[in-house]
Amino acid sequence: MHYSIFNLMRQALSGHRGWGPAWRDATPKSTYDVVIIGGGGHGLATAHYLAKVHGISNVAVLERGWIGSGNAGRNTTIIRSNYLLPGNNPFYEWSMKLWEGLEQDLNYNAMVSQRGVLNIYHSDAQRDTYARRGNAMRMHGVDAELLDAAGVRRMLPFLDYESARFPIHGGLLQRRGGTARHDAVVWGFARAASDRGVDIIQNCEVTGFIRAAGRIVGVETTRGAIRASKIGMAVAGSSSRVAALAGLTLPIESHVLQAFVSEAIKPFIAGVVTFGAGHFYISQSDKGGLVFGGDLDGYNSYAQRGNLPTVEDVCEGAMALMPAIGRVRVLRSWGGVMDMSMDGSPIIDRTGIEGLYLNAGWCYGGFKATPASGWCFAHLLARDESHEVARAYRLDRFASGHLIDERGVGAQPNLH
Amino acid sequence: MRIQCPYCGERDLSEFAYHGDAAFRRPDPDAPDAAARFFEALYLRENPAGPHEELWYHASGCRSWLRVTRNTRTHEILAVSFPKPSASA
């Protein structure tokens, strides 16, 4: 069913009883051309682009819970392409371009809001670092502006400009960055993929791999065995667990990242703002709640919740940057399971086991990558070669020394 | 989350710094497959969902290194001890 103003009027006149489910609740077949493990944003985007771009629609997406129940439903909704390194910049910009056309492509309101992303800096050295990043962005054709303190003050007059400890010197602004409604992204991709023939199978956990003649030819699941010549893993924080079923050990640690939302207040923060003297980022949802987060807790976790020291740390970042929100109440906090890679950059590659493909290592930056991750993983699955903008995301780069250390902090997963 | 330091007693998480997986054993640099073994030791992780052997540093306390067994699904601390010295020289 195509969503349009005409359809909406028709449905309104008939009491809204004609709306159908947004995607088919498919019964799993015994065989597909491609099986994607993981019904989050990345897995569903992969299925959509396999069908739309490559004409491969005999595809199943297997989700052990309900689609979008993992990190796709838990993130802070930020989309941006303000990366530094040549291995990252074109990929995230391709994702940004896909975001810009996504709602038309999916015929679904994903509330893509290009309200701007501003990274505040607090010293001359940090200004130079952000200028370098901005120039790297511009060299790749990505929009970037460097604001001085007066420029930031015009945009955000309520920040703490008197702070002697964290003086605000300016900010790096990407106007095309912003937010998107994470659940709608999942549902939009699910609906579009399902309409093209992709089977979305929920409550279906992969419990093992089926091998024949040295290659993987299918999966054992809680809803039966399913065979496919190509199987792509897109399970984020669960990557090590699923890969272990195939005897693979990955360069991944699963860590908890917490996120928070406040009570609803009147429109206060127009765009996305990040603190430069600590890890803190904030935006305001259309419902009025402030959506914010900060650092990882810093230890391995699958618990989908973190601990109080990090809560305190994130709120201290908020108070340091914008003490005006000090009396706003925190409504909810939660956590996700981040697939932290050893250099902070993702992996979209074959695994070395014939028939098995890996999409993982998104750390806490996977949401903005959703469209390009799906696009590039679909390309890899369809053509058995990496897409141009994902060529650096190799699994063997840790052994060969081609790490993509965007933050420049080294090969330890809890530092990224 | 609290960790029972053998010297200091039960202390809050914020007193400790996390090192990570305790499984690291420095490979023999003179072995013929040293490059592959160093790659595995440095970059690959079991990353289990469940009991995990890990090293924590009591940074704001006695500054001991602690070997902790912790359930990564629930954060429950199952065991704490001082690490034994490594067998390799």
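A: Gladly! Keep in mind that this is a predicted model. Let's start with a sheet in chain B: its 4 strands run in the order 3-4-5-6, and the sheet is open, with antiparallel pairing.

Q: Which strands of chain B stand at the edges of that sheet?

A: Strand 3 (17-21) and strand 6 (77-81) of chain B do. Each has a single partner strand, so one side of each is left without a neighbour in the sheet. As for the twist, it averages 30° from one strand to the next.

Q: How many bridges join strand 4 and strand 5 of chain B?

A: There are 7 bridges between strand 4 (residues 51-57) and strand 5 (residues 65-71) of chain B, in the antiparallel sense. To see one pair of facing residues, look for B:Tyr57, which stands opposite B:Trp65 of strand 5.

Q: Now helices. At what angle do helix 3 and helix 9 of chain A cross?

A: The general idea is to compare the directions of the two axes. Here the axes cross at roughly 105° and come within 7 Å. An angle from 65 to 115 degrees counts as roughly perpendicular, and therefore helix 3 and helix 9 of chain A are roughly perpendicular to each other.

Q: Which residues make the contact between these two helices?

A: From helix 3 of chain A come A:Phe91, A:Tyr92, A:Trp94, A:Ser95, A:Leu98, A:Trp99 and A:Leu102, while helix 9 of chain A brings A:Pro371, A:Ala372 and A:Trp375. By type, this contact has 9 nonpolar residues, 1 polar and no charged.

Q: Is A:Asp384 buried or exposed?

A: A:Asp384 is exposed, because 10 other C-beta atoms lie within 10 Å and 12 or fewer counts as exposed. A:Asn107 has 14 such neighbours, so A:Asn107 is partly exposed.

Q: Finally, how many residues of each chain take part in the contact between chains A and B?

A: Chain A gives 21 residues and chain B gives 19. Helix 7 (239-244), strand 12 (252-264), strand 15 (289-300) and helix 10 of chain A each supply at least two residues of the side of chain A that touches chain B. That side has 11 nonpolar, 8 polar and 2 charged residues.

Technical notes. Residues are numbered from 1 along each chain as its sequence is written. Chains are lettered from A and ligands numbered from 1 in the order in which they are written. This is a predicted model: local features need pLDDT of at least 70, side-chain atom pairs count only at pLDDT 80 or more; totals for chains, interfaces and linings use all residues. A residue is buried if 20 or more other C-beta atoms lie within 10 Å of its own, exposed if 12 or fewer, and partly exposed in between; C-beta atoms are placed from the backbone. Two residues are in contact if their C-beta atoms, placed from the backbone, lie within 7 Å. Ala, Val, Leu, Ile, Met, Phe, Trp, Tyr, Cys and Pro count as nonpolar, Asp, Glu, Lys and Arg as charged, and the others, Gly among them, as polar. Axes are lines fitted to C-alpha atoms, for helices over the stretch in contact, and angles run from 0 to 180 degrees between N-to-C directions. Angles under 35 degrees count as roughly parallel, over 145 as roughly antiparallel, 65 to 115 as roughly perpendicular and the rest as oblique. Two strands pair if DSSP finds at least two bridges between them.
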